[in-house]
Amino acid sequence: MIVLGIESTAHTFGIGIFDSEKNKILSNVKHMFKPPLGIGMLPREASEHHYKICDKILKEALNEARIKPQDIDLISFAQGPGLGACLRIGASVARFLSLELKKPLVGVNHCIAHLEVAKITTPAKDPIMLYVSGGNTQIIAFDEGKYRVFGETQDIPVGNLFDVFARNAGLPMPGGPVIEKLALKGRKYLSLPYAVKGMDVSFSGILTSATKMLQKEKLNDICFSLQETAFSMLVEVSERAMAHCNKKELVLAGGVAANKRLREMCKIMCKERGAKFFVPEFQYCCDNGAMIAVLGAIEYDAGVETKIKESKIKTKWRTNEVEVKWV
Ligand code: AMP
Ligand code: MG
């Protein structure tokens with residue numbers, strides 16, 4: 001089965017094509033909306049970007065996969081969670097293609113797609129996933145019939161912590177990579193609010209404290225401390241989730257997975273517990289259409305189909321609300 005997957009939950013518009021018989025991703029094309037310098041995410045402008053670029057991305061994805069529209073057997077799209085204005089573009093393109101090509105439609109959950117693509121592109125079979133991006137921070141695993149959230153941020157996502165701090169410090173966007181570079185030159189650990197509450201984390205106190213420090217401390221040291229504190233919190237909760245669920249694998253996903261220090265800390269934790277650690281190839285770590293195609297294929301195989309009238313976007317679709325028929 002050839003599946004075309006559409007991602008448009010936030011700033012990325014992506015289309016990926018997956019051949020489920022060969023278990024092979026044939027193409028994965030995407031383009032990201034970049035807000036003007038000094039400004040955060042703009043949902044309406046991002047959705048305009050998606051609307052303008054969708055045609056081009058579709059053509060490129062088909063070309064790269066060397067297939068024609070008629071070769072497609074199934075259309076899948078990210079139905080949520082995400083920004084309404086952005087999700088609507090992907091859903092509209094998906095409905096159009098489904099009607100035009102007379103092929104079935106499957107709306108999938110974006111967060112679970114991150115986990116399922118990791119199972120296709122790494123040796124992980126039943127992992128805990130630490131999913132860290134600009135819009136999400138969750139620790140997810142399959143447990144007792146469902147994908148469950150074992151820990152998450154109570155306020156801002158960790159990628160957003162980096163981006164907003166960078167903006168406050170006058171650094172270019174996205175903040176994460178710039179902070180990572182500066183952190184390498186940091187020498188002094190400055191105490192920041194380490195906020196682990198049960199299995200959840202909170203980053204807004206770190207953001208306020210780190211921003212205040214800009215007046216008197218060295219930027220390199222603040223960046224170093226920001227990373228050390230935020231990542232320690234995430235690794236602590238991930239480790240506890242692994243122990244609780246008795247899982248022996250950790251997968252890191254989301255845009256923040258690019259960070260070498262976070263990878264190193266996860267690796268050390270896994271080594272100490274005799275567990276395995278995997279990071280998918282980066283194109284499958286950040287938001288992408290291939291992961292939506294992969295989950296679409298899995299769900300359709302298990303008998304899931306989304307009729308047009310059920311294809312309304314779900315901006316707040318929680319991971320644990322998804323009925324899992326395929327595991
Ligand atoms: P996503 O939302 O998955 O597209 O990922 C984007 C987020 O990842 C932004 O918040 C970036 O600041 C963050 N990010 C990207 N590269 C890095 C990095 N090397 N270290 C930390 N955060 C990063
Ligand atoms: Mg994502």
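This is a predicted model: local features need pLDDT of at least 70, side-chain atom pairs count only at pLDDT 80 or more; totals for chains, interfaces and linings use all residues.
Residues are numbered from 1 along each chain as its sequence is written, chains are lettered from A and ligands numbered from 1 in written order, and side-chain values use heavy atoms, without hydrogens and water.

**Figure 1. Residues around ligand 1.** The shell around ligand 1 holds 16 residues, of which Gly 134, Asp 163, Gly 176, Glu 180 and Gly 255 come nearest (near: a heavy atom of the residue within 4 Å of the molecule or strand). By class, five are nonpolar, nine polar and two charged (nonpolar: Ala, Val, Leu, Ile, Met, Phe, Trp, Tyr, Cys and Pro; charged: Asp, Glu, Lys and Arg; polar: the others, Gly among them). Helix H4 (158-168) and helix H5 (175-183) each supply at least two residues of the shell, and H5 gives the most, with four. Helices (H or I, at least four residues) and strands (E, at least two) are DSSP runs numbered from the N terminus.

**Figure 2. Polar atoms facing ligand 1.** A polar side-chain atom of Asp 163 lies 2.6 Å from an oxygen atom of ligand 1, and one of His 11 lies 3.4 Å from an oxygen atom of the ligand. The side chain of Asn 259 places an N or O atom 3.0 Å from a nitrogen atom of ligand 1. Taken alone, ligand 1 exposes 510 Å², and the protein buries 91% of that (Shrake-Rupley method, 1.4 Å probe; for residues, only the protein chains shown count as cover).

Figure 3. Helix H10 (residues 289-301) has 13 residues and spans 18 Å from its first C-alpha to its last, close to the 18 Å expected at 1.5 Å a residue (expected span: 1.5 Å times one less than the number of residues). Of the 13 residues, 10 are buried, so H10 is largely enclosed by the rest of the structure (buried: under 20% relative accessible area; exposed: over 50%; partly exposed: in between; 1.4 Å probe, protein chains only). Among the buried residues are Met 291, Ile 292, Leu 295 and Glu 299. Just after the helix, Gly 303 takes a positive phi of about 95°.

**Figure 4. Asn 28 in strand S3.** Asn 28 belongs to strand S3 (residues 24-32) and counts as buried at 9% relative accessibility. A polar atom of the Asn 28 side chain lies 3.1 Å from the backbone nitrogen of Ala 290. The side chain of Asn 28 also makes a polar contact with the side chain of Gln 283, at 3.1 Å (polar contact: a pair of N or O atoms within 3.5 Å; within protein, one must be able to donate a hydrogen and the other to accept it, and residues adjacent in sequence count only if both atoms are side-chain atoms).

**Figure 5. The magnesium ion (ligand 2).** His 110 (NE2), His 114 (NE2), Tyr 131 (OH) and Asp 287 (OD) coordinate the ion at 2.0 to 2.3 Å, and the donors follow the spacing H-x3-H-x16-Y-x155-D along the chain. Donors are N, O and S atoms within 2.8 Å of the metal (3.2 Å for Na, K and Ca); water is not among the atoms, so sites may look incomplete. Distant parts of the chain are linked here: His 114 lies in helix H3 (residues 110-121) and Asp 287 in the loop between helix H9 (282-285) and H10, 173 residues apart. Both His 114 and Asp 287 are buried.

**Figure 6. Backbone features in loops.** Most residues other than glycine have a negative phi, and most peptide bonds are trans. The peptide bond from Gly 80 to Pro 81 is cis, with omega near -10°; Pro 81 lies in the loop between strand S4 (74-80) and helix H2 (84-101). Another cis bond joins Met 173 and Pro 174, with omega about -10°, and Pro 174 sits in the loop between H4 and H5. Lys 102, in the loop between H2 and strand S5 (105-109), has a positive phi near 55° and is exposed, with a relative accessible area of 71%.
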